[in-house]
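Trainee: Please pick one part of this structure and go through it closely. Give me the cut-off behind each term as you reach it.

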Protein chains: 2
Amino acid sequence: MKQRTKRRAFPREGHDHADCVASALDAAETRCADRGARLTPLRRRVLEIVWRGHAPVRAYEVLDRLREDGAGAAAPPTVYRALDFLMEHGLVHRIESLNAFIGCDHPDEAHSGQFLICRDCGLVAELDDAEISGVLARKARALGFVDERATVELRGLCPECRGGRG
Amino acid sequence: MKQRTKRRAFPREGHDHADCVASALDAAETRCADRGARLTPLRRRVLEIVWRGHAPVRAYEVLDRLREDGAGAAAPPTVYRALDFLMEHGLVHRIESLNAFIGCDHPDEAHSGQFLICRDCGLVAELDDAEISGVLARKARALGFVDERATVELRGLCPECRGGRG
DNA sequence: GATCGAAATGTTATGATATAACATGACAAT
DNA sequence: ATTGTCATGTTATATCATAACATTTCGATC
Ligand SMILES: [Zn+2]
Ligand SMILES: [Zn+2]
Ligand SMILES: [Zn+2]
Ligand SMILES: [Zn+2]
């Protein structure tokens, strides 16, 4: 995957987000082409909406944006189907503790991600740390449990917000 | 906390579950007394319902059981308030990826728990592993993020179900 | 370029989860 | 008994998600 700019866990406030979006859409095109999946205009548009920022987006927010587009109608199944597709192909992740969705900035291979969620500003950073997934799989395995998918979501304060109030 | 029987991550099918429930209710009484919290009959009953087994229970299932009790009416806020109380005092945990609740078998101190969820039989085992919480806090901290609460939920196959199908 | 099957989207309805807002009741301290 | 606090009851609604079926799109094949 081509990466136009160096990414940081929590992006700076003034960063070039148009570039984040462009990278994500490019990566999505590539990934879908590689996998023989069809990134239709609707799916592409939903991905773009999810990439509105670095905070998770809820399904009905996506729905509202689609409706603002005016073009076609839009109903919940439209949104959920597009999000399912995007998740299936690793382009977005679902944040279980927020019932919301966030774009993946490295949709390279199958991964469930680990998320740092700032309770103050709402920004989310994705990790994909092998040591974390390793220790989880190992501890589970020690109890005879086979880990297939890990949901890891940490809630707390991001560097910016921590600075603001100690 | 008094522990009547040695617990295992995934309890045996034929174990004495009445003992699990009794221990949990005892521990809850003790913990609430210690903290000056009121474990009212309603809250106690909800806790008992959540402890129906070792699989998570959904809020509206709790509601249905309460209604079967007949006594008072019951509406969603009744259930959610009781569950909030129980969570606040560490007696139950919420499983975010299932929108469901499970009793805690070691409500000793504040902890968010780590959960192994069997996709086949639905049983859930709780871990409270310091190495896991340690590596999560450390990795987060390395990025300047302060972890306040970790949601860790692994989906996969428990020992019983793994045995059944390889 | 017609036909066809599969995939995608549209459409309607409903199910499932959760909370807001306000009224009433229980209870202990004064 | 009065008062304040906490708990619960009650009504309504917000929010999240899917079932079921109709229609459209689109590429593959003839
Ligand atoms: Zn950005
Ligand atoms: Zn990712
Ligand atoms: Zn048991
Ligand atoms: Zn616990």
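Mentor: What follows takes chain B, from its zinc sites to its contact with chain A.

Two notes on the source come before that. This is a predicted model, in which local features need pLDDT of at least 70 and side-chain atom pairs count only at pLDDT 80 or more, while totals for chains, interfaces and linings use all residues. Residues are numbered from 1 along each chain as its sequence is written, chains are lettered from A and ligands numbered from 1 in the order in which they are written, and side-chain values use heavy atoms, with hydrogens and water left out.

Start with the zinc ion (ligand 3). B:His15 (NE2), B:His17 (ND1), B:Cys20 (SG) and B:His54 (NE2) coordinate this ion at 1.9 to 2.3 Å. A donor here is an N, O or S atom within 2.8 Å of the metal (3.2 Å for Na, K and Ca); water is not among the atoms, so sites may look incomplete. Along the chain, the donors of ligand 3 have the spacing H-x1-H-x2-C-x33-H. Why is the arrangement around the zinc ion (ligand 3) tetrahedral? The four donor atoms subtend angles of 104 to 116°, and four donors count as tetrahedral if all angles lie between 85 and 135 degrees.

B:His15 is partly exposed, at 27% relative accessible area, whereas B:His17, at 16%, counts as buried. Buried means under 20% relative accessible area, exposed means over 50%, and partly exposed lies in between (1.4 Å probe, protein chains only).

Strands (E, at least two residues) and helices (H or I, at least four) are DSSP runs, numbered from the N terminus. B:His93 is buried, with 6% relative accessible area, and B:His111 is also classed as buried, at 17%.

β1(B) and β2(B) run antiparallel and are joined by four bridges; two strands pair if DSSP finds at least two bridges between them. B:Val92 has B:Gly103 in β2(B) as its bridge partner. The two strands form a hairpin with four residues between them. In the turn, B:Asn99 has a positive phi of about 50°, although B:Asn99 is not a glycine. Most residues other than glycine have a negative phi. B:Asn99 is partly exposed, at 39% relative accessible area.

Helix α3 (residues 59-69) of chain B has the buried residues B:Ala59, B:Val62, B:Leu63 and B:Leu66. Seen down the helix axis, they fall within an arc of 100°, so they line one face of α3(B). That arc is taken over the directions from the helix axis to the C-beta atoms. In an α-helix there are 3.6 residues a turn, so residues three or four places apart point the same way. The buried residues of α3(B) pack against α2 (41-50), α4 (76-88) and β2 of chain B, where contact means heavy atoms within 4.5 Å. Just after the helix, B:Gly70 takes a positive phi of about 80°.

Last, follow the strands out to the other chain. Strand β3 (residues 114-118) of chain B runs parallel to β5(B), with five bridges between them, and B:Phe115 is the bridge partner of B:Glu153. Strand β5 (residues 146-157) of chain B also pairs with β5 (residues 146-157) of chain A, in the antiparallel sense, over eleven bridges. There A:Arg155 stands opposite B:Arg149. The contact between the chains takes 37 residues from chain A and 37 residues from chain B. Together the chains bury about 3100 Å², 61% of it on carbon and sulfur atoms. On the chain A side, A:Leu143, A:Phe145 and A:Leu154 lose the most area to chain B, together 19% of what that side buries. Buried area is the accessible area (1.4 Å probe) that two parts lose on being put together, summed over both.

Conventions:
Tetrahedral: all angles 85-135°; square planar, octahedral: opposite > 155°, others 65-115°.
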